[in-house]
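Here is a walk through one protein model, going from charged pairs to strands, cores and surface. Have the structure open as you read.

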Amino acid sequence: MATRSERINDILRGIRTSSPEVIGAALVNHDGFIVASVLPNEVDEDLVGGMAASLLGVGERISADLMRSEMEQTYVRSPKGYIIINAVGSDSSLVLLVTRDARLGLIFLELKRTIAELATEL
């Protein structure tokens, strides 16, 4: 019987294998701590967690103050790709590192499926 942590890691590995454009995935709590991740070796997990928490804080503030709503998703586009952060429940978020040539429609479809799977584990 797999532990909760192993099941979460399996889900994260699943989105990487089903979408080759996803080069990394991490589940981060709202304090910026990594719950689970499948990130490339050259990526600093602590940096991903901290930056995700910062971006989430700004995104939540913008959404609340300007849109009078809760933030669901935010992403950053750079010349090398995307960082997509999507809420998973009220206490954590899924962070995806995606290549620049990714078809975002397919990524968002996989993201939705992955979030539903993660929600059952949290």
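Which residue forms a salt bridge with Glu 110? The partner is Arg 113, and the closest N and O atoms are 2.8 Å apart. A salt bridge here is a side-chain nitrogen of Lys or Arg within 4 Å of a carboxyl oxygen of Asp or Glu.

Before going further, a word on where this comes from. This is a predicted model, in which local features need pLDDT of at least 70 and side-chain atom pairs count only at pLDDT 80 or more, while totals for chains, interfaces and linings use all residues. Residues are numbered from 1 along each chain as its sequence is written, and side-chain values use heavy atoms, with hydrogens and water left out.

**Charged pairs**

Side chains of opposite charge can pair when their charged atoms come close. By the salt-bridge rule the count comes to five, and the table gives some of them.

| Asp 10 | Arg 13 | 2.5 Å |

Asp 10 and Arg 13 sit three residues apart in helix α1, so about one helical turn separates them. (Helices, H or I of at least four residues, and strands, E of at least two, are DSSP runs numbered from the N terminus.) Asp 10 is partly exposed at 43% relative accessible area, and Arg 13 is partly exposed at 40%. For these labels, buried means under 20% relative accessible area, exposed means over 50%, and partly exposed is in between (1.4 Å probe, protein chains only).

In helix α3, Glu 110 and Arg 113 are three residues apart, again about one helical turn. Glu 117 and Arg 113 also both lie in α3, four residues apart, about one turn of the helix. Salt bridges that share partners join Glu 110, Arg 113 and Glu 117 into one network.

**The strands**

Now for the sheet pairings; two strands pair if DSSP finds at least two bridges between them. Strand β3 (residues 73–78) and β4 pair in the antiparallel sense over six bridges, with a hairpin joining β3 to β4 through two residues. Tyr 75 stands opposite Ile 84 in β4.

β4 also pairs with strand β5 (residues 92–99), antiparallel over eight bridges. Here Tyr 82 has Val 98 of β5 as its bridge partner, and Ala 87 has Ser 93 of β5. The hairpin of β4 and β5 has three residues between the strands, and Gly 89 in this hairpin takes a positive phi near 70°.

β5 pairs with β1 as well, antiparallel over seven bridges, and Gly 24 stands opposite Leu 97 in β5.

How covered are these strands? Six of the eight residues of β4 (residues 81–88) are buried, so β4 is largely enclosed by the rest of the structure. β5 is mostly covered, with seven of its eight residues buried.

**The cores**

A nonpolar core is a set of buried Ala, Val, Leu, Ile, Met, Phe, Trp, Tyr and Cys residues joined through side-chain atoms within 4.5 Å. The largest one has 21 residues, and those with the most contacts inside it include Leu 12, Ile 84, Val 98 and Ile 107. α1, β1, β2 (34–38), β4, β5 and α3 (104–121) each supply at least two residues of this core, and α3 gives the most, with five. Apart from this core lies another of 10 residues, among them Ala 26, Val 48, Leu 56 and Leu 97.

Ile 107 makes contacts (heavy atoms within 4.5 Å) with Ser 19, Glu 21, Val 22, Ile 84, Leu 96, Val 98 and Ala 102, not counting residues up to four places away in sequence. Ser 19 is found in the loop between α1 (4–18) and β1 (22–29), and at 5% relative accessibility Ser 19 counts as buried. Leaving aside neighbours within four places in sequence, Ser 19 is in contact with Ile 107 and Glu 110.

**Out on the surface**

Thr 120 of helix α3 is exposed, with a relative accessible area of 62%. Thr 120 and Gly 89 are 31 residues apart in sequence and 9.8 Å apart in space, C-alpha to C-alpha.
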